[in-house]
Amino acid sequence: MFKGYCFPVPGDGEWHTPAVMLNDAEEVFRYTQLQSKLFREVRVVDGDDFIVVQMIDQQYTFPEEWINLAEFQKPQGSCS
């Protein structure tokens, strides 16, 4: 079980959205992809409140294995 939080200002622990419960890696991925379009920072923590996934400005910053996932999400250039 994971908890997702959104922050309008990266690194600011003063204000964040209420926790959203997430059950698995697929839910974490979908949550971070969606919320990163609305908030500058998205964090997902485990049951011990350790950060397991973080996005800042629509880019994964943690974990290392997820940093390149953003490359697969970018739209391809159009043919003109």
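**Figure 1. The start of helix α1 in the predicted model****.** At the start of α1, the backbone nitrogen of Glu-26 has a side-chain oxygen of Asp-24 within 3.2 Å. Helix α1 spans residues 25-35. Its buried residues are Val-28, Tyr-31, Thr-32, Gln-33 and Gln-35.

**Figure 2. Gln-35, a buried residue of helix α1****.** Gln-35 belongs to helix α1. The residue counts as buried because its relative accessibility is 15%, and buried means under 20%. Apart from neighbours within four places in sequence, Gln-35 is in contact with Cys-6 and Val-42.

**Figure 3. The largest nonpolar core****.** This core consists of 11 residues: Cys-6, Leu-22, Val-28, Tyr-31, Phe-39, Val-42, Val-44, Val-53, Met-55, Tyr-60 and Trp-66. Two or more residues come from each of α1, β3 (41-45) and β4 (51-56). In soluble globular proteins, nonpolar side chains tend to be buried together.

**Figure 4. The surroundings of Val-44****.** Val-44 is a member of the largest nonpolar core. When residues up to four places away in sequence are not counted, Val-44 touches Phe-2, Lys-3, Gly-4, Leu-22, Val-28, Tyr-31, Thr-32, Phe-50, Ile-51, Val-52 and Val-53. Among these, Leu-22, Val-28, Tyr-31 and Val-53 also belong to the core.

**Figure 5. The hairpin of β3 and β4****.** Strands β3 and β4 pair in the antiparallel sense over 5 bridges. Within this pairing, Val-42 stands opposite Met-55 in β4; both residues are part of the largest nonpolar core. The hairpin has 5 residues between its strands, and Asp-49 in the turn has a positive phi of about 65°.

**Figure 6. The hairpin of β4 and β5****.** Strand β4 also pairs with β5 (residues 59-62), in the antiparallel sense and over 3 bridges. Here Gln-54 stands opposite Phe-62 in β5. There are 2 residues between β4 and β5, and the turn contains Asp-57, with a positive phi of about 50°.

**Figure 7. Confidence along the predicted chain****.** The protein has an average pLDDT of 83, and 82% of the residues score at least 70. Confidence is highest in strand β2 (residues 20-22), at a mean of 97, and lowest in helix α3 (residues 69-73), at 55. Over residues 74-80 pLDDT stays under 50, and the model has 1 contact beyond four places in sequence for them. Where pLDDT is low, the predicted coordinates should not be read in detail.

Conventions
Residues are numbered from 1 along each chain as its sequence is written. This is a predicted model: local features need pLDDT of at least 70, side-chain atom pairs count only at pLDDT 80 or more; totals for chains, interfaces and linings use all residues. Side-chain values use heavy atoms; hydrogens and water are left out. pLDDT is the predictor's confidence in each residue, from 0 to 100. Helices (H or I, at least four residues) and strands (E, at least two) are DSSP runs, numbered from the N terminus. Contact means heavy atoms within 4.5 Å. A nonpolar core is a set of buried Ala, Val, Leu, Ile, Met, Phe, Trp, Tyr and Cys residues joined through side-chain atoms within 4.5 Å. Buried means under 20% relative accessible area, exposed over 50%, partly exposed in between (1.4 Å probe, protein chains only). Two strands pair if DSSP finds at least two bridges between them. A polar contact is a pair of N or O atoms within 3.5 Å; within protein, one must be able to donate a hydrogen and the other to accept it, and residues adjacent in sequence count only if both atoms are side-chain atoms.
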